[in-house]
Amino acid sequence: MRLVFAGTPEVAVPALDALLASGRHEIAAVVTRPDARAGRGRRLVPSPVAQRAEEEGIEVLKPAKPRDEDFLARLREIAPDCCPVVAYGALLPRVALDVPRHGWVNLHFSLLPAWRGAAPVQHALLAGDEVTGASTFQIEEGLDSGPVYGVVTEEVRTTDTSGDLLTRLAFAGAGLLAATMDGIEDGTLRPEPQKEEGVSLAPKISVEDARIDWSAPALRVDRLVRACTPAPGAWTVFRDERLKVRSVALAPDGPGDGSEPGPGELLVGKNSVLVGTGSHPVRLEWVQPQGKKPMPAADWARGTRIAAGERLG
């Protein structure tokens, strides 16, 4: 088939690479978000997908909005058979959806109908899901509600951050998307409507959502930190400054006699830093003070000279 691939961040690159490697379809163009400012100099930088496409000499389209007339006219000129999509980052209007004869097929990082929305991997971790996966589905105007072509599953590890899990799903999903394109071309795949039960939503996690509530149980704190790593980054407050919490570990249950630290209270040992929660303490592993690089929590505690009874939050 003649394809136009739509995607923006690094997580979309494995799928583009898989389609290029298959050699079965022609990627006539790539659609991605406009260049964004990045780095200290705030220079305009092309998206990872744009950079990869340019390396291959593929035409790159960067509409400010996918309903822009110039973009739609060029899309009609290219006349794709299908448009595979991975984390493009903009809603597609009906006029764009109607251009390819096989529509737009999205690779979504959840087992639909679970976790429809912008942050499926983060919400799977927050919920404590033991298994997640990726789905390919036909895009329609509803939120991730279109019929599904195929799925792959992935076990969630107890130490997974959203970055870890998303990386694995990006590669597993890349193969699924390539196989979906093959199945659409040869007519062996037909999308099946999503089940009406089991629908859950995964809205984008804001910086405020990523603030740690130390009165929550230890398991909830651990899930929040892992779900928000690397972005937007779980955080708390210490001495009126923001402190990012990059990693925690579930400490053994305390004696339950009231001797363990209270919620947010710091307990500094020779080589460890414990923080009280609503259940039992967690061990701080890596933190990032404001304006500094990430560091082991024990090093931070030594340099900070934490007094008895000081708290996070």
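**Close-up views of the predicted model**

**View 1. T136 stands opposite G150 in β9.** The model is a predicted one: local features require pLDDT of at least 70, side-chain atom pairs are counted only at pLDDT 80 or more, and totals for chains, interfaces and linings use all residues. Residues are numbered from 1 along each chain as its sequence is written, and side-chain values use heavy atoms, with hydrogens and water left out. Strands (E, at least two residues) and helices (H or I, at least four residues) are DSSP runs, numbered from the N terminus. Seven bridges join β8 to strand β9 (residues 148-155), and the two run antiparallel. Strand β7 (residues 104-108) is joined to β8 by four bridges, also in an antiparallel arrangement; here V105 stands opposite Q138 in β8. Strand β8 (residues 131-138) is mostly covered, with seven of its eight residues buried. Buried means under 20% relative accessible area, exposed over 50%, and partly exposed in between (1.4 Å probe, protein chains only).

**View 2. An open sheet of seven strands has the order β5-β2-β1-β6-β7-β8-β9.** Pairing in this sheet is mixed; two strands count as paired if DSSP finds at least two bridges between them. The edges are formed by β5 (59-61) and β9, each of which pairs on one side only. From one strand to the next, the twist averages 20°. Helix α6 (residues 162-186) lies across β1 (2-7), β6 (83-86), β7, β8 and β9, and runs at about 155° to β9. Axes are lines fitted to C-alpha atoms, for helices over the stretch in contact, and angles between N-to-C directions run from 0 to 180 degrees.

**View 3. Strands β1 and β2 run parallel and are joined by five bridges.** F5 stands opposite V30 in β2. Five of the six residues of strand β2 (residues 26-31) are buried, so this strand is largely enclosed by the rest of the structure.

**View 4. Helix α1 (residues 13-22) meets helix α2 (residues 48-55).** Two packed helices are described by the angle between their axes and the distance between the axes. The axes of α1 and α2 come within 9 Å and cross at roughly 25°. The two helices are therefore roughly parallel to each other. Angles under 35 degrees count as roughly parallel, over 145 as roughly antiparallel, 65 to 115 as roughly perpendicular, and the rest as oblique. α1 passes α2 in a right-handed crossing; a crossing is right-handed if the near helix is turned clockwise from the far one by less than a right angle, and left-handed if anticlockwise. V13, L16, D17 and L20 of α1 make the contact with P48, V49, R52 and A53 of α2, where contact means heavy atoms within 4.5 Å. By class, the residues of this contact are six nonpolar, no polar and two charged. Ala, Val, Leu, Ile, Met, Phe, Trp, Tyr, Cys and Pro count as nonpolar, Asp, Glu, Lys and Arg as charged, and the others, Gly among them, as polar.

**View 5. The axes of α1 and α6 come within 8 Å.** They cross at roughly 40°, and the two helices are therefore oblique to each other. The crossing in which α1 passes α6 is right-handed. On the α1 side the contact is made by P14, A15, A18 and L19, and on the α6 side by A170, F171, A174, L177, A178 and M181. This contact of α1 with α6 has ten nonpolar, no polar and no charged residues.

**View 6. P217 is placed in the loop between α6 and α7 (218-227).** P217 counts as partly exposed because its relative accessibility is 45%. Its neighbours, not counting residues up to four places away in sequence, are T277, G278 and S279. P217 and S279 lie 62 residues apart in sequence, with a C-alpha to C-alpha distance of 4.8 Å.

**View 7. The whole chain, for orientation, has eight helices and 15 strands.** The C-alpha trace spans about 70 × 45 × 30 Å along its principal axes. Of the 313 residues in the chain, 49% are buried. Among contacts between residues at least 6 apart in sequence, 65% join residues at least 24 apart.
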